[in-house]
Amino acid sequence: MPRFLTVLFLILTCAIGGSAAAQTRPADPLAPPDGIGPDLRAAYETGRLIFNGHWRPSGTDGPDKLEGLGPLYNRISCASCHSAGGRGKPPGGPGENFLTALVRIGVVGEDGSVEPHPLYGQQIQDRAIPGMKPEAELSLTWRYEKGRFPDGTPYELRRPDLTITPDPGPDARWSIRVAQPLHGVGKFAHAVPGPDDTGRFGWKAAMPSLAMQNASALSQDMGVTNLFFPDPICPPAPEPCGGNRNEAGGVRLMSLTLFTELLPPPDLSQHRNGKGEMLFMKIGCGGCHKPEIALRTGPERIMAYSDLRRHRMGEGLDDGLPEGAAASDEWRTAPLWGLGAVLADDPRAPLLHDGRARGAEEAILWHGGAAARARHAFVNLSREDRGYLLEFLGGL
Ligand code: HEC
Ligand code: HEC
């Protein structure tokens with residue numbers, strides 16, 4: 001990290017450490033946390049404007065001067081994928097665009113190492129500024145499979161199949177990722193045990209810090225160059241592509257990072273600790289979805305329902321594409337806080353990294369690998385007990 005940013009970051013992180021307070025769900029989902037001073041609040045508001053702001057191609061005049069979009073990109077703002085700081089959805093089927101999800105890609109060698117794809121790099125940018133061609137057209141088809149609980153109750157699962165045009169070739173592996181919910185994400189950096197060199201952010205916990213995660217989003221998702229990623233995302237040569245190597249600017253990146261750092265976590269004060277939670281702990285869900293974790297910054301504990309670690313989830317959730325130190329079937333335990341609001345809006349809301357699960361029950365049915373025993377115990381619960389457990393998840 002450039003030195004002045006490191007210093008600024010340390011100052012801000014210390015300031016934030018002391019600002020912990022129990023949150024109540026605000027009417028405005030992006031409202032600043034209670035109890036922060038005017039300076040932090042001003043920086044937070046700047047970050048929020050950048051988060052919601054629309055980036056434009058260089059040389060176009062706009063009121064907020066967010067210039068530097070593209071040439072290739074996925075969306076024009078952070079909020080277009082993380083609407084109100086929330087999670088995304090995959091397309092419903094062929095002919096629907098990727099609006100709040102994206103596709104990572106790579107070529108896996110015989111020794112298991114991954115290289116960026118020669119045509120597409122690490123991510124497919126399916127949009128481009130005027131005068132340029134998007135990298136590819138994406139078309140998603142769902143494949144359905146049926147199963148039964150041991151008590152005979154039927155269920156249906158779906159898994160995604162993707163057509164990428166132009167065809168990336170037989171050695172390419174792709175990974176669909178829906179936008180993650182961001183409320184409370186700033187706490188993850190301070191949770192013990194601390195992030196090690198294997199990272200903490202993203203569905204695979206491959207990113208080591210929020211600053212890096214945000215810088216990577218600016219670069220990969222919006223084509224906005226910055227201090228960490230100075231090279232533009234270009235189509236393969238000889239197409240012309242270039243421009244300013246720091247379109248975002250250091251202060252903007254800092255404000256954006258401060259905003260994500262401080263964005264208040266979901267409020268679990270109303271959450272019930274009944275039979276559902278007892279079952280959740282008893283059958284081993286809580287081994288990974290740890291109800292509470294401690295923070296290094298003070299006595300506060302967060303109720304994220306995650307150990308924030310990666311686990312090998314087995315064949316069902318293996319999309320074939322490793323990332324950094326994470327194997328292709330390895331995912332960070334998804335924090336379950338905030339799930340209640342998502343499921344209250346839509347009981348069949350798309351869950352898991354690619355949004356394949358329609359609601360919590362399907363998400364659990366996809367668990368395998370290190371979570372196979374917990375899944376087994378879940379399917380063998382009585383229908384009534386499964387209901388208690390799902391009801392508990394709906395209150396998180
Ligand atoms: C095209 C859709 C898209 C856009 C635009 C986008 N994101 Fe994301 N965001 C995602 C996806 C997908 C992930 C999960 C990535 C992964 O698994 O590596 C993610 C993950 C994150 C995370 C990590 C959350 C966690 O729990 O670890 C943060 C923080 C984040 N985004 C912030 C931003 C910011 C800030 C911007 C704007 C600069 C932005 N995103 C723009 C799709 C998007
Ligand atoms: C070995 C660790 C582990 C165990 C045990 C485990 N999970 Fe998970 N859980 C995960 C991981 C990792 C993910 C993310 C997988 C993905 O995105 O593909 C996840 C995702 C989820 C999700 C989807 C959340 C979201 O935001 O998309 C739900 C719901 C869930 N788990 C519930 C449960 C329940 C209920 C149990 C007990 C039956 C359980 N899990 C047991 C590791 C575990």
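This is a predicted model: local features need pLDDT of at least 70, side-chain atom pairs count only at pLDDT 80 or more; totals for chains, interfaces and linings use all residues.
Q: Let's start with ligand 2. Which residues coordinate its iron atom?
A: His289 and His367 do. Each uses its NE2 atom, at 2.0 Å.

Q: What is the geometry of that site?
A: The site is octahedral. The iron atom of ligand 2 has 6 donor atoms, with angles of 89 to 179° among them.

Q: What angles would be ideal for six octahedral donors?
A: Ideal values are 90 or 180 degrees.

Q: Where do histidine 289 and histidine 367 lie?
A: Both are in loops. Histidine 289 lies between α7 (275–282) and β8 (293–294), and histidine 367 lies between α9 (360–365) and α10 (372–379). The pair therefore ties together parts that are 78 residues apart in sequence.

Q: Is histidine 289 buried or exposed?
A: Buried. Its relative accessibility is 10%, and the cut-off for buried is under 20%.

Q: Which residues come nearest to ligand 2?
A: Cys285, Cys288, His289, His353 and His367 come nearest, out of 27 residues around ligand 2.

Q: What about N and O atoms? Which atom of ligand 2 is 2.6 Å from the side chain of histidine 353?
A: An oxygen atom. The distance is to an N or O atom in that side chain. For histidine 289, a side-chain N or O atom is 2.8 Å from a nitrogen atom of ligand 2. Histidine 367 also has a side-chain N or O atom 2.8 Å from a nitrogen atom of ligand 2.

Q: Which elements give two or more residues to that shell?
A: β11 (330–332) and α9 do.

Q: And how does the shell around ligand 2 divide by class?
A: It has 19 nonpolar, 6 polar and 2 charged residues.

Q: Over to ligand 1. What is the only protein donor of its iron atom?
A: His82. Its NE2 atom is at 2.1 Å. Histidine 82 is in the loop between α3 (78–81) and β2 (101–108).

Q: How many residues surround ligand 1?
A: 27 residues do. The closest are Cys78, Cys81, His82, Gly202 and Arg332.

Q: Which element gives the largest share of that shell?
A: α5 does, with 7 residues. Elements that each supply at least two residues include α3, β2 and β7. By class, the shell around ligand 1 has 15 nonpolar, 7 polar and 5 charged residues.

Q: What lies 2.8 Å from an oxygen atom of ligand 1?
A: A polar side-chain atom of arginine 332. Arginine 104 has a side-chain N or O atom 2.9 Å from an oxygen atom of ligand 1. Tryptophan 203 uses a backbone N or O atom, 3.0 Å from an oxygen atom of ligand 1.

Q: New topic: strands. What is the order in the open sheet of 3 strands?
A: The order is β3-β2-β7, with antiparallel pairing. The edge strands are β3 (114–115) and β7 (172–178), and each pairs on one side only.

Q: How many bridges join β2 to β3?
A: 2 bridges do. Valine 108 has valine 114 in β3 as its bridge partner.

Q: And how many bridges are there between β5 and β6?
A: There are 12. Strand β5 (residues 137–148) and strand β6 (residues 154–165) pair in the antiparallel sense. Arginine 143 has arginine 159 in β6 as its bridge partner.

Q: What is between the strands of that hairpin?
A: There are 5 residues. In this hairpin of β5 and β6, glycine 152 takes a positive phi near 95°.

Technical notes. Residues are numbered from 1 along each chain as its sequence is written. Chains are lettered from A and ligands numbered from 1 in the order in which they are written. Side-chain values use heavy atoms; hydrogens and water are left out. Donors are N, O and S atoms within 2.8 Å of the metal (3.2 Å for Na, K and Ca); water is not among the atoms, so sites may look incomplete. Four donors count as tetrahedral if all angles lie between 85 and 135 degrees; four count as square planar and six as octahedral if opposite donors are over 155 degrees apart and all others between 65 and 115; anything else is irregular. Helices (H or I, at least four residues) and strands (E, at least two) are DSSP runs, numbered from the N terminus. Buried means under 20% relative accessible area, exposed over 50%, partly exposed in between (1.4 Å probe, protein chains only). A residue is near a molecule or strand if one of its heavy atoms lies within 4 Å of it. A polar contact is a pair of N or O atoms within 3.5 Å; within protein, one must be able to donate a hydrogen and the other to accept it, and residues adjacent in sequence count only if both atoms are side-chain atoms. Ala, Val, Leu, Ile, Met, Phe, Trp, Tyr, Cys and Pro count as nonpolar, Asp, Glu, Lys and Arg as charged, and the others, Gly among them, as polar. Two strands pair if DSSP finds at least two bridges between them.
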